[in-house]
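The following exercises ask the student to read a protein chain step by step. Each task is followed by a worked solution.

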Amino acid sequence: MTAAAAFCAGAAIGGAAGGTVVCLYLRRRQRLFGRLLSFAMHELNTPVTAVNMTVLNLLSEVFGELPAPLKPWIEMTREQVGRLNGLVGEIRDFVHIELHQDLRVGGATMTAQEILDEALVSIKRGMEQAGVEFKVETAKNIPGLRVDPDRAARCLSSVLFHARKFRTSGPITLSVTRVPSGAAFAVSYTGPRLKPGAAEESLDLYYPALHRNDQILGATGLGLGLIRRVLQLNGGDLEYRVDDEGRATVTVELAAAQAEAVQ
């Protein structure tokens, strides 16, 4: 072997070894960040749960009759605490998807109405207080759905918060229909007009972190991209469409339970 060849071989081996060391270091840092963020999410859950229980007790008048002028404010607090709890869940899911790479979703059979009831708890009253006309239309032939009990309702609730944030006029409509895969929860509203490709771009997992030339927040929570990823891991999906006039529909699809899958 010539001196030049030996030098090149040594450089290649050294480069490969250096690259391996860097990769191992980055993976170790990723696992470390993941564990720290998981710990932080666990710690956040404790005060969120305590505040939520207190608010529920106040609304249930466990501590005595609630003065009428205070009730709307307590209801608003309940909505925002529920939203905070959902955000903690979204961050936790992101950590497990991207850092731990081990997100596992549970599986249970729920009816569309059960998912609706849970999703609407934290936002329905807020729609009324904000003066937003909110319509719910549910078909009667929806099969049982195989979902993660916590995440299904949380994903739908997040989509409704998205619609309320970006609605510019008119009502928000939630329509639940049967589809070949199971059920579709379509949230429709009129929002701002978007440039071509913007709706698809907003489904990127990192969309909320992408650079923008304006100061307008383009998403709620961790964005529609995270919701879609979580739904896909549970056999569902999310679709976002906006026409030229700004009429938008965000559709959450959930899979039918195996025994009741549509033939």
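**Exercise 1. Determine which element gives the largest share of the lining of the largest pocket, and describe that pocket.**

Solution. Step 1: the largest share of the lining, nine residues, comes from α2. Helices (H or I, at least four residues) and strands (E, at least two) are DSSP runs, numbered from the N terminus. On a 1 Å grid over the protein atoms alone, a pocket is an open set of points with protein on both sides within 12 Å along at least five of seven lines, whereas a cavity is a set of points where a 1.4 Å probe fits but cannot get out; lining residues have an atom within 4 Å of a point.

Step 1: the model is predicted, so local features need pLDDT of at least 70 and side-chain atom pairs count only at pLDDT 80 or more, while totals for chains, interfaces and linings use all residues. Residues are numbered from 1 along each chain as its sequence is written, and side-chain values use heavy atoms, with hydrogens and water left out.

Step 2: the lining of the largest pocket consists of 26 residues, and Gly82, Asn85, Gly86, Glu118 and Arg154 lie nearest its centre. Two or more lining residues come from each of α1 (3-59), α2 (71-100), α3 and α5.

Step 3: the space in this pocket is about 630 Å³, where a volume is the space filled by probe spheres set on the points, and grid points are joined across faces, edges and corners.

**Exercise 2. Identify the residues with the most contacts inside the largest nonpolar core.**

Solution. Step 1: this core has 45 residues, and those with the most contacts inside it are Leu174, Phe185, Leu238 and Leu254. A nonpolar core is a set of buried Ala, Val, Leu, Ile, Met, Phe, Trp, Tyr and Cys residues joined through side-chain atoms within 4.5 Å.

Step 1: α5 gives the most to the core, with nine residues.

Step 2: not counting residues up to four places away in sequence, leucine 238 touches several residues, including Val159, Leu203, Ile227 and Val252.

**Exercise 3. Is histidine 162 buried or exposed?**

Solution. Step 1: histidine 162 lies in helix α5.

Step 1: its relative accessibility is 5%, so histidine 162 counts as buried; buried means under 20% relative accessible area, exposed over 50%, and partly exposed in between (1.4 Å probe, protein chains only).

Step 2: not counting residues up to four places away in sequence, histidine 162 touches Tyr189, Thr220, Leu224, Tyr240 and Val250.

Note on methods:
Contact means heavy atoms within 4.5 Å.
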